Amino acid sequence: LKQQIPGLDCRRSPQPPAVAMSGLGALMPVPHVAQPSQSLIAKQAPAPRSRATRAELAAWAAETPESLEGFKVASQTLCGVAAAVVAKRRFGRRARRCRPTARSSSRPIAQSSAATACPELNRGAGHAKRRDVLQGALLGSGLVAGSRAAVAANEAVATPYAVAGPRLVQMSRSGFDNMMGAADVVLLGEHHDQEQDHILELDVVQTLHKQAQSRGQPFVVGLEMVQQRFQGVLDRYVAGKLDDEGLRVGTDWEKRWFWPFNLYAPIFGYCQKNGISLVALNADSESLAKVERGGLEQLSQQEWGQYLPDREGFAAMGSTAEFKTYLGNVIVPSYRLHQRMGILKQTVQGEDIDGQMSLKHFVGGRLLWDESMATAAVKARQLGSPGQPPAQVCVLIGGDHVKYSYGIRARIERLGSSLAGSDAPNKALKVVSVMLNPTPTDSMSPPGSTQLSLSLAVNSDLSSSKSSPGTRPSSPSGSARSASLPLADAILLSAPLV
């Protein structure tokens with residue numbers, strides 16, 4: 001990797017200071033948040049050539065355990081675009097993911113072995129460096145796909161657990177279904193390329209749809225995968241005017257998303273068959289590229305109104321201790337990993353940036369991503385027919401936007417009062433968050449851990465907001481400040497824990 005990534009320093013180096021967000025983008029130093037060792041690679045990887053054998057990778061992994069574990073932890077904070085999506089879009093469409101032949105364990109929260117995760121690295125002429133960076137990110141982050149055999153084996157034993165402080169408590173399926181049925185918005189945090197996660201999503205969508213029908217309530221499904229400019233394509237698909245191929249082409253799937261369309265097709269097909277509205281949640285790449293290049297101030301008034309209509313609440317949330325804790329532990333480490341991978345020199349559309357993307361612009365892009373999806377999800381509540389109650393919304397989204405509340409959950413709760421509609425003024429929306437098959441890497445667990453980290457302690461010293469008459473509470477729904485941020489309300493596994 002040192003040969004393949006110019007400027008990568010493989011030696012241990014001083015940690016840069018952590019940062020926190022204040023308002024719409026002012027950055028201020030905060031007490032350092034412990035980060036994994038920057039000594040990512042202790043030994044040179046197998047030399048680039050047409051093919052690296054499984055034996056070579058296994059030997060390398062055996063000799064560099066600390067480095068690989070450090071890379072896994074550094075990679076854990078990547079959101080859906082961070083590793084494969086960003087690398088693929090910025091390095092070219094032909095970049096390929098590494099696919100395993102088998103998982104190291106059938107346990108959903110067991111660490112995957114580097115030796116079995118990628119038996120071979122495929123390098124094509126002119127794309128070796130791009131693919132190596134991409135494949136390394138996938139290998140480290142645990143985002144490589146599981147085998148179809150493992151999916152088939154686990155398909156019929158979906159098991160829910162409630163996150164109860166530091167413990168997981170197994171739930172009955174009826175209790176889990178009732179909890180989700182009572183929510184205004186359900187967030188399902190997926191691994192984009194894990195087929196078993198999509199099987200669970202289809203199961204939940206079917207359950208929620210049947211429950212909503214029995215209540216006489218509209219039901220819609222929100223999609224991180226589709227940008228808002230393509231809402232008309234989704235509408236035509238649900239109306240039966242497009243088939244799956246028309247949907248894939250019409251949403252510019254190959255360019256604007258990355259993950260295999262076929263993994264989502266069963267969910268789309270069920271929604272089309274049953275007339276369930278599909279809602280495009282994501283900000284357009286063109287708008288995101290503006291922010292990555294010049295910051296949130298580059299957005300037009302029309303874009304602010306579309307993606308971030310609640311400017312006051314958006315700014316206030318940035319000054320809370322909860323958000324700053326989330327920022328320092330989730331987003332900033334992601335930025336640092338992007339730096340090490342050398343993929344901050346282009347926007348999401350592939351436009352060159354002078355130097356590299358600044359931390360402020362990187363954070364701004366992530367906030368635009370989350371706020372736009374939260375706004376669209378809340379607005380989707382009003383898609384029912386006149387006289388019907390607001391719709392229940394099930395959001396299919398990457399797990400990094402769900403975990404520890406301050407991706408989109410807290411934003412939906414905040415936006416509920418301002419965007420809920422005249423029929424429900426100042427209503428605090430009930431949101432249920434579910435992580436699908438989470439791994440220790442997903443949950444910020446330390447290197448080598450086989451357990452999930454179920455909460456993230458909030459540093460109350462980071463808060464810079466002061467209450468004053470007439471100001472909106474900075475915590476979601478006006479609640480008291482949290483001592484910790486839970487991983488989620490529940491987790492749903494493709495196989496029960498032993």
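1. Strand β7 (residues 185-190) pairs in parallel with strand β11 (residues 431-436) through five bridges. Strands here are DSSP E runs of at least two residues, helices are H or I runs of at least four, both numbered from the N terminus, and pairing takes at least two DSSP bridges. Gly 189 has Met 435 of β11 as its bridge partner.

2. A word on the source: this is a predicted model, where local features need pLDDT of at least 70 and side-chain atom pairs count only at pLDDT 80 or more, while totals for chains, interfaces and linings use all residues. Residues are numbered from 1 along each chain as its sequence is written, and side-chain values use heavy atoms, leaving out hydrogens and water.

3. β7 also runs parallel to strand β10 (residues 392-398), joined by six bridges. Val 185 lies opposite Val 393 of β10.

4. Is β7 buried or exposed? Six of its six residues are buried, so the strand is largely enclosed by the rest of the structure. Buried means under 20% relative accessible area, with a 1.4 Å probe and protein chains only. Val 185, Leu 187 and Gly 189 point one way, and Val 186, Leu 188 and Glu 190 the other.

5. Now for Leu 278: leaving aside neighbours within four places in sequence, its contacts (heavy atoms within 4.5 Å) include Val 221, Leu 223, Gln 231 and Phe 268.

Key:
Buried < 20%, exposed > 50% of the residue type's maximum accessible area, 1.4 Å probe, protein only.
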